[in-house]
Amino acid sequence: MTTKPNTIKRQVSSSSNILTEEDKFKMIAENVTISYGDKSAVNNVTMKFKEKSVTALIGPSGCGKTTFLRCLNRMHDMTKNAKVEGKVMIDGIDLYSKEIDPIYHRRKVGMVFQKPNPFPTMSIFDNVTAGLRLNGVKDKKILNEIVEDTLKMAYLWDEVKNDLKKPAIELSGGQQQRLCIARALAIQPEVLLMDEPASALDPIATQKIEETITELKKEFTIIIVTHNMQQAVRVSDYTGFMYLGDLVEFRETKKLFTDPKNELTAKYVQGQFG
Amino acid sequence: MSINKRQQYRTLFKQNVERRLFVDKIVRLIVISCVVTAIIPLGSILVEVFKNGIAAISIEFLTEVPGSIGSGDGGIGPAIQGTLIVIGMASIIGVPIGVLSGIFLSEFGDNKLAKSVRFFNDVFMEFPSILLGIFAFLVIVLVLGHFSVWAGAFALALIMFPIVARTTEESLKMVPVTYREAGMALGLRHWVVTIRIVIAAAKNGMVTGVLLSVARIGGETAPLIMTILGSSLFFNNFDTPMDALPLRIWRLSLLPYDSAQLQGWGAALVLILIILAINIGVRTLVLNKNDTYRFGKMIKEKIGGTK
């Protein structure tokens, strides 16, 4: 780690004993507060994301998990009147410091959105390579190689390898979402943010996406927002439970679900509200 | 709620449905009659122009300079040439300005400057075209001391760019924000996202806007009277008067000779055909192939689905 050791000001229950300083952290969010106008959506959240792990963010609708996820990629830059305070470090560099051009960091952090959003005018091939081509990578050999590699990683290659010139919009919803994963992976990011990537998909497509996530974990640091607690259990190593903009509990997934420290967490994971 | 009450509500809702079906029929009738009312004048104009104009069309009519007044000789060659030149020049000036303003308004338009630009643009769009002609007359014709092609192109560009700006802005705004986010998340710069993703998705709407504005200026007469004046000769240079189809139609239709009026009908038909050709040509060349494909597929599915 190149950053100074983090002091967790807020009592985020026992996160310090599951993630010790020996662990290698890819990203650290420190005292992040996000507000839209006067309304605060995320309050003073501190989280560390271990390299090559999957961290799930769970919580009821409107608890700020998506808002928090988007700040890890500076996606709030586009939203007028959204304000982000605190620090988000990636590899020890503060993403929100004034000298940083967010463009370079977004290339390090890929993002998959809730609804599949392949570019409507582009073919499957062009969608996957969009991030590269539009940044000036022209070498056909490199592009071909990356298309095959990323589509295989996203478990889509076998279904589309003969139709790469087909409009992406003709794929099914689940295929489109895996295409979006491939597109995000094509820029060779190190972190992958996923905002409820399976919420619009059927169980089979969901299973495929989850397999993809498990496979990707070997190489990437993944942060996933999900509504689905079983999904969090299946795919994630660590889970953060958010409620009304607060990070209530953040621990190893198994422990959070079997032995929650916080009463609210316990009620939520037992399905008593949500 | 008691079971009885539920039953009461069910009857009530059923009555509602019957009433709604009736209203639906009435509204459908009104809509269809409105469409017919709108199509009748359009269709009858087209039919009339074709019927009267087709007799005037000949190679000579399309290529030669006008003959002596009332003789029925000669053609509208200079007018056709002039219309193409003035539409082309006005588009070269008006389309880039319009498209760029539209992009500015849609993508960077969340500030005071953009709000006032949008307001003036709307006002401009409503301006009577003769006023823009007089404006071009004042700032170009009077300053240079003679009527010119430049002045005509300038006046038409003034009519064109607010239309293009508005339609561009509207088409760009229709592109869902999720595509912009996807582009940003790939680490692309704002302008790259705008040009390669947002504009690519909005292209069809933008092209339609440009074609609308071309059709609009193709038929403008008043500003041309104030600027290119009209001529019986082929285009010579940009500093002299020139002919154009609307001017020729206007002149011919005022003459008290049947032969001249016939030529007027012919010229009107030619103008309509030119605008139609530009429309079809540009659409086939520029429009997204994927979109047509999707549209075709959609229709196929519709037909297949309701079999």
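Me: Which residue does Ala56(A) stand opposite in β9(A)?
Reply: In this predicted model, the residue opposite Ala56(A) is Thr239(A) of β9(A).

Me: How many bridges join β3 of chain A to β9 of chain A?
Reply: Four bridges link the two strands. Strand β3 of chain A covers residues 54-58, and strand β9 of chain A covers residues 238-243.

Me: And do those two run parallel or antiparallel?
Reply: Strands β3 and β9 of chain A run parallel.

Me: What is the order of strands in the sheet they belong to?
Reply: The sheet in chain A is an open one of six strands, and the order is β6-β7-β8-β3-β9-β10. Its pairing is mixed.

Me: Which strands are at the edges, then?
Reply: The edge strands of chain A are β6, residues 109-112, and β10, residues 246-252. Each of them pairs on one side only.

Me: Which helix lies across β6 and β7 of chain A?
Reply: That is helix α7 of chain A, residues 173-186. Helix α7 of chain A runs at about 170° to β6(A), and the β7 strand that it also lies across spans residues 191-195.

Me: Changing topic: how many helices and strands does chain B have?
Reply: Chain B has twelve helices and zero strands.

Me: Why is chain B described as more spread out than a compact globule?
Reply: The radius of gyration of chain B is 26 Å, whereas the globule rule gives 19 Å for 307 residues; the value is well over that figure, so chain B is more spread out than a compact globule. Along its principal axes, the C-alpha trace of chain B spans about 90 × 50 × 35 Å.

Me: What share of its residues is buried?
Reply: In chain B, 36% of the 307 residues count as buried.

Me: Where do the two chains meet, and how many residues are in contact?
Reply: The contact involves 20 residues of chain B and 22 residues of chain A. On the chain B side, the elements giving two or more residues are α7 (177-185), α8 (190-218) and α12 (289-305).

Me: Which one gives the largest share?
Reply: Helix α7(B) does, with six residues.

Me: What kinds of residues make up that side of chain B?
Reply: The side of chain B that touches chain A has eleven nonpolar, four polar and five charged residues.

How values were computed: Residues are numbered from 1 along each chain as its sequence is written. Chains are lettered from A and ligands numbered from 1 in the order in which they are written. This is a predicted model: local features need pLDDT of at least 70, side-chain atom pairs count only at pLDDT 80 or more; totals for chains, interfaces and linings use all residues. Two strands pair if DSSP finds at least two bridges between them. Two residues are in contact if their C-beta atoms, placed from the backbone, lie within 7 Å. Axes are lines fitted to C-alpha atoms, for helices over the stretch in contact, and angles run from 0 to 180 degrees between N-to-C directions. The radius of gyration is taken over C-alpha atoms; the globule rule is 2.2 Å times the number of residues to the power 0.38. A residue is buried if 20 or more other C-beta atoms lie within 10 Å of its own, exposed if 12 or fewer, and partly exposed in between; C-beta atoms are placed from the backbone. Ala, Val, Leu, Ile, Met, Phe, Trp, Tyr, Cys and Pro count as nonpolar, Asp, Glu, Lys and Arg as charged, and the others, Gly among them, as polar.
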